[in-house]
Amino acid sequence: MRPVDRHCSRGAPGGAPSHPLLRGGSPPELALPPSRVARRAPRVARRARPKGNNINSLLQYTPNPPSKPQGPWHLLTECHAAHGDAFTVPVAHKRVTFLIGPDAAPHFFKATDDEMSQTEVYNFNVPTFGRGVVYDVDARTRSEQFRFFTEALRRDRLKKYVPQFRAEAEAFFKSWPDSGEVDLKDAFSRLIALTAARTLLGREVREQLFEQVADLLHDLDDGMRPISVFFPYLPTAFHRRRDAARAELGRIFAKVIRARRAPGAAKEEDVLQQFCDARYSPLVQGGRQLTEDEITGLLIAVLFAGQHTSSITSAWTGYFMVDSRRHSIEEGKGGAAGSGSRDAYAAAVDEQRAVLARHGDDLTLEVLGEMDALHRNVTEALRIHPPLLLVMRYAKKPFSVTTSQGRTFVVPAGDVVAASPNFAHVLPGVFSDPLEYDPLRFAPPREEDKKKPFSFIGFGGGRHACIGQNFAYLQIKTVWSVLLREFEFEMATPVPAADYDSMVIGPLPARVRYTRRKLTAAAA
Ligand code: HEM
């Protein structure tokens, strides 16, 4: 075995590590779209003098225009072509070791927190979430806090959120004219915030404080820039606004929480209520209730985990699905359900008709569970465009990794280690025709994601897999069920490219055309 010493010399990956809880995530500048991944990359000199080991060269990635062929995507493409699944890039005074694809990634996802830690790479979020939560606490307290998330997002809880998603979606789309054009990213950004406010933050915020809280969350969001990852306490105007917003959110939620905990107060059906009622186990924090500020911090954390990721995935799902309709018409394929990858829209519409025939107008967790075609359409959109470029850990102990090229290396303790959903999902050899939108790749008998563990990592995997995955699917499938029942769609623009300048990677501006209609049940 040899240590991973294959330094890739293209310079630092730039920007920030990416994690849904962190919302600060992906490097800001990814110059090349995924479609370039298959191209032959230029050879990278081994052990050439690294360009990226001072802070200026890190920052140079921030303002570059996206058309410039540099940046993290290009870096990954070059280094992967030159070195295979495992390579190390110097970033400032650190080594960042990339483990790309299902052969190299298992330890990354399966290791314990003592072996691969999140704190060191994600603690720049502390000023955003606040003290005493998530990356500001020891591992045992954090795992208790993740238990609160898990319990708040259990199946019996999720059941209660579905009608709330539906109510928000129906009210939202009611305000649309009977026909028009809409940018799906903008529309979903607002709608997902409303559904999240209702189910996570609670009725009081949704009904009385939404605009005020949304403005404060915007300041928190804006206070997370690439430089914040390296210098989260730098005295800048946007950090000052972030800190003021966090303090004000604390005051607002403290009032709501006190009212919820008052004797005789009614119990609500939301995540806030779960946090109000939760207790640490006796061995951790002496079994006490969460403080008001801890609850505020946990709410901010789940909101940051789920807002951009879900709204972006809803938008990509729409663009790919609707675009598949155009292909279907152009090719005269007719669009029978499930007849081919390009019939994703027809498959989802036919599925809604069939579900209407079986269940009438009901839209419950169980009914959503029957929508396999829509589920695959969402998963495939997430495969092609996972919103997170990188997930990160800090190696506390050395470990070995064997690549798909059959070479074994040792990653030393002290390395920052990164996996990339965005890059790994379009590697040739893992998924067939990886740049094609082909939802049936997830259906039997193909099931391409099941051939090797950690092939599909849109929701991460292993020990720290996304806790909100089921919540996200229900949210996105509810919204799209309402849309497919109420409207007909076609593309008004081509499917957009990804905006690699944004912190969480979403679609650039684009539009679909819609016409109101009432979908009827399929004939028996
Ligand atoms: C389409 C939407 C979503 C995507 C693509 C997504 C993606 C991810 C990914 C890739 C991870 C793993 C991060 C890592 O390994 O470092 C993760 C973790 C997590 N996600 Fe999500 N997420 C989504 C929605 C949500 C929602 C709606 C919630 C909560 C309501 C949520 C809560 C969490 C939490 C709490 C973790 C941390 C788990 C841990 O570290 O143990 N996510 N998510």
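1. Phe454 sits in the loop between helix 17 and helix 18. In this predicted model, its phi is near 70°, a positive value in a residue other than glycine. Most residues other than glycine have a negative phi. Phe454 has 22 other C-beta atoms within 10 Å, and the cut-off is 20 or more, so Phe454 counts as buried.

2. The loop between helix 17 and helix 18 (469-486) also holds Pro445. Pro444 and Pro445 are joined by a cis peptide bond, with omega about 5°. Most peptide bonds are trans.

3. Val134 is another residue to check. Its phi is near 50°, which is positive although the residue is not glycine. Val134 lies in the loop between helix 5 (126-129) and helix 6 (139-152). Is Val134 buried or exposed? Val134 counts as buried because 28 C-beta neighbours lie inside 10 Å.

4. Helix 2 runs over residues 72-83 and has 12 residues. From its first C-alpha to its last, helix 2 reaches 16 Å, close to the 16 Å expected at 1.5 Å a residue. Gly84 follows helix 2 and has a positive phi, near 90°.

5. How many of the 12 residues of helix 2 are buried? Nine are, and helix 2 is described as mostly covered. The buried residues include Trp73, Leu75, Leu76 and Cys79, together with His74, His80 and His83. Pro72 and Thr77 of helix 2 are buried too. What covers the buried residues includes strand 2 (86-91), strand 3 (94-99) and helix 17 (421-424).

6. The largest nonpolar core has 133 residues, and Leu99, Phe275 and Leu299 touch the most other members. Helix 13 (residues 292-330) gives this core its largest share, 16 residues. Leaving out residues up to four places away in sequence, Phe275 touches Phe148, Ala152, Leu290, Ile295, Leu298 and Leu299.

7. Helix 14 (residues 344-359) and helix 16 (residues 372-384) have axes that come within 8 Å and cross at roughly 145°. The crossing is left-handed. On the side of helix 14, the contact is made by Ala344, Ala347, Ala348 and Glu351, and on the side of helix 16 by Ala373, Leu374 and Asn377. By class, these are five nonpolar, one polar and one charged residues.

8. Some totals for the chain follow. The secondary structure comes to 18 helices and 13 strands. Of the 524 residues, 50% count as buried. Among contacts between residues at least 6 apart in sequence, 76% join residues at least 24 apart.

Technical notes
Residues numbered from 1 in each chain as written. Predicted model: local features only at pLDDT ≥ 70, side-chain atom pairs only at ≥ 80, totals over all residues. Helix = DSSP H or I, 4+ residues; strand = E, 2+ residues; numbered from the N terminus. Expected span 1.5 Å × (residues − 1). Contact = placed C-beta atoms within 7 Å. Core = buried A, V, L, I, M, F, W, Y, C linked by C-beta atoms within 7 Å. Axes fitted to C-alpha atoms, helices over the stretch in contact; angles between N-to-C directions. Left-handed = near helix turned anticlockwise from the far one by under 90°. Nonpolar A, V, L, I, M, F, W, Y, C, P; charged D, E, K, R; others polar.
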